[in-house]
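Colleague: I am new to this structure and should like to understand the reasons behind the terms applied to it. May I put my questions to you in turn?

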Amino acid sequence: MATVEELKVKYPGAGAWQMGDSPELASALADLIKKGIKTASCGSYASYQQEESAPGMGSYNIILDGHSVPVCVIRLVSIRLVRFCDVTEEFARKEGEGDLSLEYWQREHQRFFTREGHFSEDMELIAEEFEVVERL
């Protein structure tokens, strides 16, 4: 099994991170990514601006499960700014969660952003799409 350090040598500049806000969610989302079901993600633009090194187009990221174990490496293929209220059915489906509907996406992301401390219908999101380049 490859370590984060070994993967960072193979993919210079790659970040290593978990998705979600709990170990259980991180593992579930990492599994969806590894299986190719989840090919998109988003975060609040405000949070994105606070990151020291936000990912850019073409960058590689090591996805970790809830135990900080690498499960796959992804490459960012699309990044755009979109308001919460303008997220489409297509993007919700690419997020790969729940029943893949826009309604599910809206409900769960409203819950997530509220827990994060800020939610509004017109909040700006960074919408990212990616491809899996290596499964571990």
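Modeller: A polar contact is a pair of N or O atoms within 3.5 Å, of which one must be able to donate a hydrogen and the other to accept it. Please bear in mind throughout that this is a predicted model.

Colleague: What makes the approach of the side chain of S59 to the backbone oxygen of G56 a polar contact?

Modeller: A polar atom of the S59 side chain lies 2.7 Å from the backbone oxygen of G56. The cut-off is 3.5 Å, so a distance of 2.7 Å qualifies. S59 itself is found in the loop between helix 3 (45-50) and strand 3. Leaving aside its neighbours within four places in sequence, S59 is in contact with I74, R75 and L76.

Colleague: Where is S101, and why is S101 counted as buried or exposed?

Modeller: S101 is found in the loop between helix 4 (89-95) and helix 5 (102-116). Its relative accessibility is 15%. Buried means under 20%, so S101 counts as buried. The side chain of S101 makes a polar contact of 2.6 Å with the side chain of D99, and a polar atom of the S101 side chain lies 3.0 Å from the backbone nitrogen of Y104. Beyond four places in sequence, S101 is in contact with E89 and A92.

Colleague: What is noted about phi of L100?

Modeller: Phi of L100 is near 70°, a positive value in a residue other than glycine. L100 is placed in the loop between helix 4 and helix 5. With 33% relative accessibility, L100 falls between the limits of 20% and 50% and therefore counts as partly exposed. S68, in the loop between strand 3 and strand 4, also is not a glycine and has a positive phi of about 65°. At 45% relative accessibility, S68 counts as partly exposed.

Colleague: How do you know that the end-to-end span of helix 2 agrees with its number of residues?

Modeller: Helix 2 has 12 residues, 23-34, and at 1.5 Å a residue it should span 16 Å. Its end C-alpha atoms are 16 Å apart, which agrees.

Colleague: Which residues of helix 2 are buried, and why are they said to be on the same side?

Modeller: The buried residues of helix 2 are A26, L29, A30, L32 and I33. They cover an arc of only 160° around the axis, which puts them on the same side of helix 2. Strand 3 (60-64), strand 4 (70-83) and strand 5 (124-135) are among the elements that cover these residues. Just after helix 2, G36 takes a positive phi of about 80°.

Colleague: How many aromatic pairs are there, and why is the pair of Y11 and Y60 called tilted?

Modeller: The structure holds 4 aromatic pairs. In the pair of Y11 and Y60, the ring centres are 5.0 Å apart and the planes are at 40°. Under 30 degrees counts as stacked and over 60 as edge-to-face, so this pair is tilted. Y11 lies in the loop between helix 1 (4-10) and strand 1 (15-17) and Y60 in strand 3, so the pair ties together parts that are 49 residues apart in sequence. Y11 counts as buried at 11% relative accessibility, whereas Y60, with a relative accessible area of 28%, is partly exposed.

Colleague: What makes the pair of F84 and F119 edge-to-face?

Modeller: Their ring centres are 4.8 Å apart and their planes at 85°; this is over 60 degrees, so the pair is edge-to-face. F84 lies in the loop between strand 4 and helix 4 and F119 in the loop between helix 5 and strand 5, so parts that are 35 residues apart in sequence are tied together. F84 is buried, with a relative accessible area of 2%, while F119 is partly exposed at 22%. Ring pairs link F84, W105 and F119 into a cluster.

Colleague: Which residues have the most contacts inside the largest nonpolar core?

Modeller: This core has 13 residues, and those with the most contacts inside it are C42, F84, V87, F91, W105, F113 and L125. Helix 5 gives the most to this core, with 3 residues. Apart from it lies another core, of 10 residues, among them L29, A30, I63 and F130.

How values were computed:
Residues are numbered from 1 along each chain as its sequence is written. Side-chain values use heavy atoms; hydrogens and water are left out. Helices (H or I, at least four residues) and strands (E, at least two) are DSSP runs, numbered from the N terminus. The expected span of a helix is 1.5 Å times one less than its number of residues. Buried means under 20% relative accessible area, exposed over 50%, partly exposed in between (1.4 Å probe, protein chains only). The arc is that of the directions from the helix axis to the C-beta atoms. Contact means heavy atoms within 4.5 Å. Rings of Phe, Tyr and Trp (its six-membered ring) pair if their centres lie within 6.5 Å; planes under 30 degrees apart count as stacked, over 60 as edge-to-face and the rest as tilted. A nonpolar core is a set of buried Ala, Val, Leu, Ile, Met, Phe, Trp, Tyr and Cys residues joined through side-chain atoms within 4.5 Å.
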